[in-house]
Amino acid sequence: MIKNKHVAIIGGGIAGMEAAAVLAKQGLKVTLIEKEAITGGKLNDWHHLFPDFFSPKTVIDNLIAKTNHSGVNVVYNTEISKIEKLNGRFELSDERDTKFYSDAVIIASGFRLFDATLKEEYGYGIFDNVITSVDFEKLMKTEGKLLTAQKTEPKRIAIIHCVGSRDAKTGNTYCSKVCCITGIKQAIEINKILPDSEIYCFYMDLRLYGLNFDSLYLHAQKQHKIQFIRGRLSEIAERFDKSLQLKTEDTLQGRPLRINVDTVILLIGMEPGASNNLFTKNNKVTIDENGFMKPINMHENRNSSTHDGIFLAGTVICPMAVNESIENARAAAFEVISYLEKNKL
Amino acid sequence: MEIKSKIKWSEYNKEIAEDHFFFLRSCIRQNFNPGAEKAFISILKNNLKKDIFDDARHTTCTGIGYHTDIVPFETMQTMIARQFSLMTEKGYKNCAVSCITSFGSYNEILSTWKEFPEELAKTRDYLKKATGREFEIPENLSHGCDIIYKFRKEIAAQSNYKLINIETGEPLKIVDHIGCHYSKIFPEKGVGGFEYSKVLTEMIQAWGGQPVDYPERRHCCGFGFRQYLVKSNRSYSISNSRKKFESMEPFKPDAIITNCPGCNMFLDRWQYTLAQIEGKTYGGGTNGIPVFSYEELAGLILGYDPWKLGLQMHQVDVEPFLKKIGVRYDPELKFVGINGKYINEPLFTGCLK
């Protein structure tokens, strides 16, 4: 009977919650271990989801209801730093040496946001009117408006794609995948609250992989007059009046460009979680060349780590959107069931 | 190629030797601002009690010729190898480079030799055949501004003046300009990397002034070798300089500090040319914004005579700046050279009559 089996899930974000709810619904004993005081992870800071402006709060509320109803044991304020297999079972412990025991583990500890201060030429943390896409979501969620640091309505806004993604200088050569569509969504949101503003998106190429992403891009141009300029930003500097001077290029016109704006939003990428390295100690779990958790097979079995019995879910594997993370977590849960069935003796 | 990642460049510090420097002069600094290098040697020897050797036999690094496609790379490698052979002969291991173009060239060649050892072997062979000389690679290569940066607090402790307006008590607002070849080619060779190099701003702060960021801080001074050396391109050169002045103008800087001989020259002289073209200056009034090299500014606050520093060679008159920080000087000696000889004077200093 696998119903007596115990699964420990590291990370109470959307992937961890979904996997926990699915496993508990199947009758397994599930402990969901979250480092913060609440579950939901980074989605708690989000205002709207692409491409349909759906409410993240609804997603989190539904996941909380699912985990509650299915009897998941949620442990808060606990950050696992060690996974070890002892006497046929997994022992998970934190820095305070609190221990959890389980028959299988799912690592769903998510991602880390790129620290935009590392991209010094873009002035985040130096100039008050340079913010990140995450700052924008928080602002929209808490205040519902976008103002400059001088408390005026910005007349010109630039949104910068690929900050900390596809950039060897920052050590991240991979694509974070969700930033392009996030930029389009945020540009539309700004146009809705500041209809007279001019909004520019500076991009390398637009990677609009999802259903309705392209139509949102078209909608942004036709209905919201968002201007998309193909070119990377070289630097941002602050002018005497605290507005910002951007040096960039328009590669479609083949010319360098200098433009002044009031606010800049940096679309920051997703980086491997800070704890990934810790999870590779004392077991056979490995990370890939970018630092994300390495599955045994990226085509057929992305949810199995390189250690038998330790599974992966969500953005701990690679950058993913909300719907992909949830689907991926569901798949991880079924891989766990399959593993426990196979090893039930 | 080594890729540096996940570091905050503005917090980056490079290794700068402590003592025993072999000095490598700048071709153009010696001509345009002859007092600057003399002051640098004096500050190191007399104020900081360091050992620095100035070898009369050393030559140009050929950097300007290289960047204008006149001097082949092999020639520059061999010429620089000869400088190192003089250093080796005198028993030194640390180079102090005066010129930013040279600093970039030395670093480019050291990096080439590291990445392509066959180039090093070839250069050793060329030098041996041409001069019979051999050389060691320096253990440390620092620009003069790196060394002054390293000892900025010691200089501040010995200073007679501060970068403070003696009438208002306010720190002087000083904009910095970093020569392109200091750290744009190899960020790890510059203090603070390239984007927010702190090599000059921390000198300003240590000496009582207020560094001012301005939008075109990283832009080329306008020299850019070909932009100036090809006569038909000179309008491009001056338009780049104008872009910088236009950008710093709203901040009303009291002075510009540079770490590059070429930048010093162009930021100073092009102000005159622009004033003659446009009928205005970017510093207000008729004078313009005074331009100093880091050695000149260090010399001034240490109490060196401004005319022995060669500040009368500047186009933009430095006297208003001297008065602001309270430097005691004799205006009558401005154009009196060595042995009391009158060295002649320009029709007027500043940018507009």
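**Ground rules.** I'm working with a predicted model, where local features need pLDDT of at least 70 and side-chain atom pairs count only at pLDDT 80 or more, while totals for chains, interfaces and linings use all residues. Residues are numbered from 1 along each chain as its sequence is written, and chains are lettered from A and ligands numbered from 1 in the order in which they are written.

**Domains.** I looked up the domain assignment of chain A (bounds like these come from an automatic or database assignment). Domain 1 covers 2–110 + 273–342, and domain 2 covers 116–269. Taken over C-alpha atoms, the centres of the two domains of chain A are 32 Å apart.

Next I checked contacts, meaning C-beta atoms, placed from the backbone, within 7 Å. Nine residues of domain 1 of chain A touch 17 residues of domain 2 of chain A. On the domain 1 side, I found five nonpolar, three polar and one charged residues. (Nonpolar is Ala, Val, Leu, Ile, Met, Phe, Trp, Tyr, Cys and Pro; charged is Asp, Glu, Lys and Arg; the others, Gly among them, are polar.)

**Strands.** Strands here are DSSP runs of E, at least two residues, numbered from the N terminus, and two of them pair if DSSP finds at least two bridges between them.

Strand β4 (residues 80–86) of chain A runs antiparallel to β5 (residues 89–94) of chain A, with six bridges. I noted Leu86(A) bridging to Arg89(A). Two residues sit between these strands in the hairpin, and Asn87(A) has a positive phi near 50 degrees.

β5(A) also pairs antiparallel with β6 (residues 99–102) of chain A, through four bridges. Here Phe90(A) has Ser102(A) as its bridge partner. This hairpin has four residues between its strands, and Asp97(A) in the turn has a positive phi of about 70 degrees.

Note on methods. Two residues are in contact if their C-beta atoms, placed from the backbone, lie within 7 Å.
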